[in-house]
Every structure is written in C-alpha cells, then in structure tokens.
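Take a look at the sequence and the model below.

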Amino acid sequence: MNSIFSCFLFQPRPADGLSSKQRTAFWLWNALILAGAAVGLGLASLLLATGGFSARVLLLDYLSQPVLLLLNLLPPLVLTALLYAATGRGWLACLLTALPVLGLSVGNYYKLAFRDDPVIASDLLILGEAGKMAGQYRLFLSGKVAAALLCTAVCVLLPALLARSRPRGRTRAAVAAAGLVCAAALVPVYASDGIYAANASTQHLNQWSATQQYISRGLLYPFLHSVKDALPDPPEGYSEREVRELLAQYEDKDIPEDKKVNVVGLMLEAFTDFSDFEGVEFAQDVYAQYHALKAESYTGNLLTNIFAGGTVDTERAFLTGMGPKDVNYRSNTSSYVWYLKNQGYQTFGGHPGNNWFYNRVNINRYLGFDEYRFTEDYYGPVYGADQTLNDYLFLPDLTETVLERLEGDEPLFSFSVTYQGHGPYSTDRCWWDGVDGLVKNYDLPLEQRTILANYLGSVLNTQIYLTKLVDALRDTEEPVVLVVFGDHKPWLGNNNSVYDAVGVDLFWEDLRSFYNYWSTPYLIWANDAAKEAIGHDLVGTGPDISPCFLMNVLFEQLGWEGDAYLQAVDEIRREIPVIHVQGRRMTADGALLWDDELTPGQRELVRRFRCLEYYRQHHFAYKS
C-alpha cells in the first residue's frame, strides 16, 4: 500500500503494475489537485476584490451566487490548464497563473484603498504611469494581502508536492485543445452586457457607486468584461451617414470680432466646497475668498465621472465636449481648443507635473495647444525643482504669463491644471497652520483630523493665489473671462474613512449622496472689459451639468454659437444636462433617472449624443 501510495503521489507517471482503475485515479488525483490550486488562486483574488469592505460578508455574497463565482474562478482554471499543457508541470502552471492573478488582485486592492477606483483593462496601457504614481502612496501589508499571499504559496506548493504528473505529448495536446475551446466559448460570455448586468452581488454594496458595482462582481470577471471597453464599439444604432446628416443641419459659426474675449481656464486639483457638509466643523472661514468670487460669477456644479482620481477625465471632457474616457488620442483629435485656434486664438497652458503623466506631452498637442508647459521643460529649470509646484509658485507664474500673452495681437485661450491638493494627505503631520487652526471635529481620531486639515489648508492656500490672479485680471484693460472648476472630490483616507466619520453620505440611493460623491463647483467670472464686450454682467446661477457640457455653458454666456458639434449637442444638453458614466441621467427638471426610466424621446437624445461623440472621436473636423 505504501508503495502504491508513494507512486500515486510523487511520480511523474503511474508506476508499472498499477491497474487501469489505479492509473485513472492517478491522473484524476493530479487533475483535482491542479484544479483545486487554480480555484484557490481564484478565491485569493476574490478575497482581495473585497477591498476595504468586510471579507466575510462579501465572500459569502460571492459564494451565494454560483454563476458569479464560476465567472471569477474559470479564468485561473482555464489558464492553468493551458499552461499545464504547455509546460507539462503542474506546479509551474500554477506559478505562472498566480503571477498575473495575484499581481492584478494586489494592484486592484491598493488602487481601491488609495483612489477608490478599481483596475480595468485600459489601465494596462499606462502601466508605467501607474507605477510612478504608486510610488507616491505608502503601501501597507493588510491581513487580506497577507492571507492572499499565503493562499497563493499553498496553491503553488501543493502541486509541487502532491501532483507531479508529467503527461506526454498527446495528452498535453488534448488538454490544450480543450482549454482553447473553452476560452473561445467564454469570450462572448465575458463580453456580454446582459450577463454582466444579471450577475452582481449588491446585497451589501451601493449600486450607485461605479466602484462598488465593480466590486460586487469580484475582480477577474469585471476586469475581463472591461477589455471590450478598451477598444470601444460604435454605440447602438450608430450610422456615420446619419451623424453626417445631423451635423449638416448646423453651420460652423465664427466668433464675432467684437466678442472675441480672452478665456483663461483653470482646473483645480480635487477642489470642492466642504462648507456644503454640515458635519465638517471649521476653525475658520476656509472658503471666504472663494465665496466672495462666487458672488460675482456665474456658478453651478459639475457632476463628474470620477472620484478621488482620474483627473484627465474631467479635463478632456471640458476640452473636447466628449464624455467617455476611452478616446484613442493617437493623432489630432477634434476639440474646442482646435475651434478656438482656428478662430485666431493663441492656445496655451501649463501643468506643474511630469509631461508623461496621462501622456499630456503628446495628447495636448493633438488637442490643439500651441504650447503647454510641464516640469521637465519649464517649471523644473525655472524654479530649480524636479517636483511639482504648489500654487504659491504655480498660480503667480500663470498670472504673469497670462498678462504677458494678453499683450499679443491674438486673443488668448489658456487652460491650466493645478497639482496642489492632490492626495494622499498626511495623517501624522499638518502641512499648514496646524490642525486646530483649520478644523474642529474634536471627536475624530487625530489621523483623520490631520487628513481633513491638510485638505482644507490646501484649498485655503489655493484661494489666496486664485484671488491674486482674479485681481490681476480685474485690473487689465483687456477683456478676460475666467473659468474655474474642480476635477473631482478629494481622497480623504483609505476607504473614504474621513467622509464617513463626518457623516457625509456617499452610499445611499438618493440625489444628495449622488452630489456628495460626484459634484464639484464651477464658476465663470468676467472683468469689466469682458462684461462690456458680451453685453451682460455674467453673474447668477448656472445649470448643473456633465463636464463635457461646460464649454456649451461658457459659449452661451459669451454669446458664441460655436461649431456644428457644439450646436448639435447643445440641444441635447438643454434636455439632458447630465449624462453620467455610471448610467444615470439628469433631466432639465433635476430628476435623476436610470436609462430605462427615461422617456423614449429622452433615450433617443442620449443615443444621439453617444453617436455624435463617437463620430467626433474618429473624424478630425478642423484645420491643423
């Protein structure tokens, strides 16, 4: 018996003298060990997929849905089978499977913790950027990560010790064929939106949160489902001829010479108004200067598609008038920057960060900017620093540059993006005037108060230099309009701990929590010369909109008609001012609805917008 047992467990092939049943049992044993190891890898991935939520609760939710569970376990099973066929060694197949599964799972776990954002397939296109950004965060070894690492080690060691079978060529070919057939059959399953919608474990998660929608499906399944979005298909019912005919109904309009005011756009990193939150107890009037500027501006809210990260989504939506994040910026791309450039404007901007981040060095040129400054080519050499500048340097530099360019013969369109305010914020040291000088909330742990104080100190400091910029533009005789907005809500602790501690509701299914999670303010301000040119004071309350419609609102206030695209989407914007990536739509009367709650006419407007923006992505419309 011991001889049979040792041959059964530790041999590459069944020992001589074994019966046919014993041989079958030998191969079955090895197959079960390998399958068990692959399942273990899938379960380790599910453990990390829970992010900051209770592993016990969410794992039970996953296990209670067999189809969802299978969709997360099949990828490591199929991959292990294919690698086993390729290598002939079970432990090596498990190790090679563990590398991408564990790498993806750990990366997703930390991205959820730091930015409340899961890993999707398109993130693989910017792995270099992601690695450099990850260096700014303090990694930590949690119990979940340790458990996943231990589980992975066991899943590799078990086949090495107990399943040493080495099948021959014919058997390996059969396993490979079966694995490939299975993989091919699964492609439409993972790509299906219907199957995706039907398989989610939302009992203890919020369906309003795009991140939690992702978590509700595990990791490997939603990640593979996101692959198709990396190379998007045309919208349903898309017809290039139909879009051409629609755009032909409008005529590109030039800006009247007497209305060619200078436009200075400024997107503030993670800037939002926390005075809207009753649970935040201020030690001073942190937003006094911003509220004073707001009182002499045209103001509203953006309902952004991002939270605590993903700056470029809001940035490019404003510049292009397009909503999706997956535009393929590989050549000149239609944008409002190009429109203004073709109207004789000089197009300029700056960001005190690295030019490689979000590939701005190339893409901003594709969007029509004549010049864009970065750390490498300007801020580093001028200020003797190889790191990003805070606003006490960046905004005065921008002010001086704008004033210089206003003296030119061409009107100016400037758009810049700040860096100050970028998370994470220190938990053990206040960067500003001290925690007690900024925030009360004495019932909070000191770490959370410090995070909040660092954020509030940042926005207070930003307002000082923003006010100086406004005062300089106020004094110039050139007509200038300033557009200021935030890109997203800030990071406030892993798993949004500070929001939760001060009672900011991010999770319940009502309009208030939707605004709490997604809204940032915008304002449009004009100096006296610009007010005279456009014929009104540019003061009041504007609509709440998606970032892709902010330029529409600006053009409307300036009395500009814009190009055919802007005119076509403006009719849609007036009826559906918010078209959110999460699947929510806001109607002109302020109702927040899902797609299936819209009227047929409203659904048609959303479809028309998707077709227009898809056409715009793939057809450059301006003189380059």
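Predicted model: local features only at pLDDT ≥ 70, side-chain atom pairs only at ≥ 80, totals over all residues.

Two packed helices are described by the angle between their axes and the distance between the axes. Helix α13 spans residues 240-248, and helix α26 spans residues 600-618. They pack at about 95 degrees, with axes 10 Å apart. An angle from 65 to 115 degrees counts as roughly perpendicular, so α13 is roughly perpendicular to α26.

Which residues of α13 meet α26? They are E240, E242, V243, R244, L246 and L247. On the α26 side stand R607, R608, C611, L612 and Y615. Six residues of this contact are nonpolar, five are charged and none is polar.

A salt bridge joins the side chains of E242 and R607, 2.8 Å from N to O. E242 belongs to α13 and R607 to α26, 365 residues apart. E242 is partly exposed, because its relative accessibility is 34%. R607 is also partly exposed, at 22%.

Now turn to D397 and R373. Their closest N and O atoms are 3.7 Å apart, in a salt bridge. D397 lies in helix α19 and R373 in strand β4, so the pair ties together parts 24 residues apart in sequence. Are these two buried or exposed? Both D397 and R373 are buried. They also belong to a salt-bridge network with E371 and R405.

R585 sits in strand β10, and D595 in the loop between β11 and α26. R585 is buried, at 6% relative accessible area, whereas D595 is partly exposed, at 30%. The model's salt bridges come to 21.

Note on methods
Residues numbered from 1 in each chain as written. Heavy atoms only, no water. Axes fitted to C-alpha atoms, helices over the stretch in contact; angles between N-to-C directions. Helix = DSSP H or I, 4+ residues; strand = E, 2+ residues; numbered from the N terminus. Parallel < 35°, antiparallel > 145°, perpendicular 65-115°, else oblique. Contact = heavy atoms within 4.5 Å. Nonpolar A, V, L, I, M, F, W, Y, C, P; charged D, E, K, R; others polar. Salt bridge = Lys/Arg side-chain N within 4 Å of Asp/Glu carboxyl O. Buried < 20%, exposed > 50% of the residue type's maximum accessible area, 1.4 Å probe, protein only.
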